[in-house]
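Have the sequence and the 3D view open while you read.

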Amino acid sequence: MAYGGSRWMGVALCLLAWPVHAFQLELPRTARQTAARDSALDQVLVPVGPFVDGALETLKIEGRVTRRAYRLNSPGLTPLQILAPLRQQIEDAGFDLVLDCNQITCGGYDFRFATEVLPAPNMYVNIRAFHFLTGINTENDAAITLMASSSGGAAYLQIIQTGAVSQEVTETRSPVASVEPDPAQPELPIETLAARLLEKGSFVLRDIDFTVGSTTLDDQQSVELAALASLLADRPTLRIAIVGHTDTAGGLEVNIAVSRARAQSVRTRLIDTYGVDPERIEAEGMGYLAPIASNLTAEGREANRRVEVILISEDE
């Protein structure tokens, strides 16, 4: 359900009021807290709509803020399976759900990086598999947001609770939206990928993921890799390079080795699964030498950890 700013404009709320009590959710037994950050007085921007037309609609909140992150050792759980019972608890507690979306309907990559997320590794967001909820309780002047994500054999959950809600609706621009816009579509047509690759000379793969803590590509199907393989089949003389990148954590030699191994894992998938000629694909790693965002923030470091397709040549 999308948020409508005018719906709440007539509600009189006391700015900076202290919440009565933080709402206690009953979490799965496998949930283990990984991070906690409380602020007696803070300001946050709570998403109340998806990322649309280059901006995220948010509600400014000032008051007491509690932030928690959890890891769930529950292989196979989807983000929605994690949030469904929590969503019911939120509604039963008197919260109105003003935003309930997944990685596609929220706005994909842009939504993720315009939204507050506790730093990795305590909270990990898989761009291809997350679900987000925002609940507003006007009676108690409270708001709550939940972000659930899954990757490999683990799942992650973030809960942020706030005090009084102001009536000011704002727009938040994604800090890395200019790097590579996400089409936020369930499928990526070959024509779209081809146009980006041929026009810009490169393309960041957004729907691939690696097993946590490794350089092995996971088993989930990638729409982008399928589209890339189809493009290579349609243009038999096109040659590309797969280039891995990291953030600045660790030494340069280690990061180059990790980024090269991840690029090689993508190259192997294109060859083994899609039958692409090995002679047409190179694999290389740049480590942290080619950032696209600042490594001083968690969001920037996550953006820098990426795999790109680079156009090399096409014989006439």
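Some ground rules come next. This is a predicted model, where local features need pLDDT of at least 70 and side-chain atom pairs count only at pLDDT 80 or more, while totals for chains, interfaces and linings use all residues. Residues are numbered from 1 along each chain as its sequence is written, and side-chain values use heavy atoms, with hydrogens and water left out.

**Who is buried?**

A residue is buried under 20% relative accessible area, exposed over 50%, and partly exposed in between (1.4 Å probe, protein chains only). E282 has 40% relative accessibility, so it counts as partly exposed.

| Pair | Separation along the chain | C-alpha distance |
|---|---|---|
| R305 and D247 | 58 residues | 5.7 Å |
| D100 and P50 | 50 residues | 9.2 Å |
| A35 and P119 | 84 residues | 8.9 Å |

R305 sits in the loop between α6 and β11 and is partly exposed, at 33%. D100 belongs to strand β3 (residues 96-102) and is partly exposed too, with 24%. A35, in strand β1, counts as buried because its relative accessibility is 14%.

Most residues other than glycine have a negative phi. D53 isn't a glycine, yet its phi is positive, about 55°. Look for D53 in the loop between β1 (31-52) and β2 (55-72). Is D53 buried or exposed? With a relative accessible area of 76%, D53 is exposed.

**Rings and charges**

Now for the aromatics. Rings of Phe, Tyr and Trp (its six-membered ring) pair if their centres lie within 6.5 Å; planes under 30 degrees apart count as stacked, over 60 as edge-to-face and the rest as tilted. How many aromatic pairs does this rule give? The count is four. Why is the pair of Y109 and F113 called tilted? Their ring centres are 4.7 Å apart and the planes meet at 55°, so the pair falls into the tilted class. Both residues lie in helix α2 (residues 108-113), four residues apart, which is about one turn of the helix. Y109 is buried at 2% relative accessible area, and F113 is buried at 3%.

Y124 and Y156 make an edge-to-face pair, with 5.8 Å between centres and 65° between planes. This pair links distant parts of the chain, 32 residues apart: Y124 is in the loop between α2 and β4 (130-137), and Y156 is in strand β6 (residues 154-162). Y124 is partly exposed at 21%, whereas Y156 is buried at 4%. There's also one aromatic cluster formed by F111, F130 and F132.

A charge sits over a ring if NZ of Lys or CZ of Arg is within 6 Å of the ring centre and within 35 degrees of the ring normal. R112 has its charged end over the ring of F113, 4.5 Å from the centre. R206 does this with Y109, at 4.0 Å from the ring centre.

**The nonpolar core**

A nonpolar core is a set of buried Ala, Val, Leu, Ile, Met, Phe, Trp, Tyr and Cys residues joined through side-chain atoms within 4.5 Å. The largest one here has 25 residues, and those touching the most other members are L205, I208, L228, I242, V266, L270 and V309. Two or more residues come from each of α3 (190-200), α4 (223-234), β9 (238-245), α5 and β11. Which element gives the most to this core? That is α4, with six residues. In soluble globular proteins, nonpolar side chains tend to be buried together.
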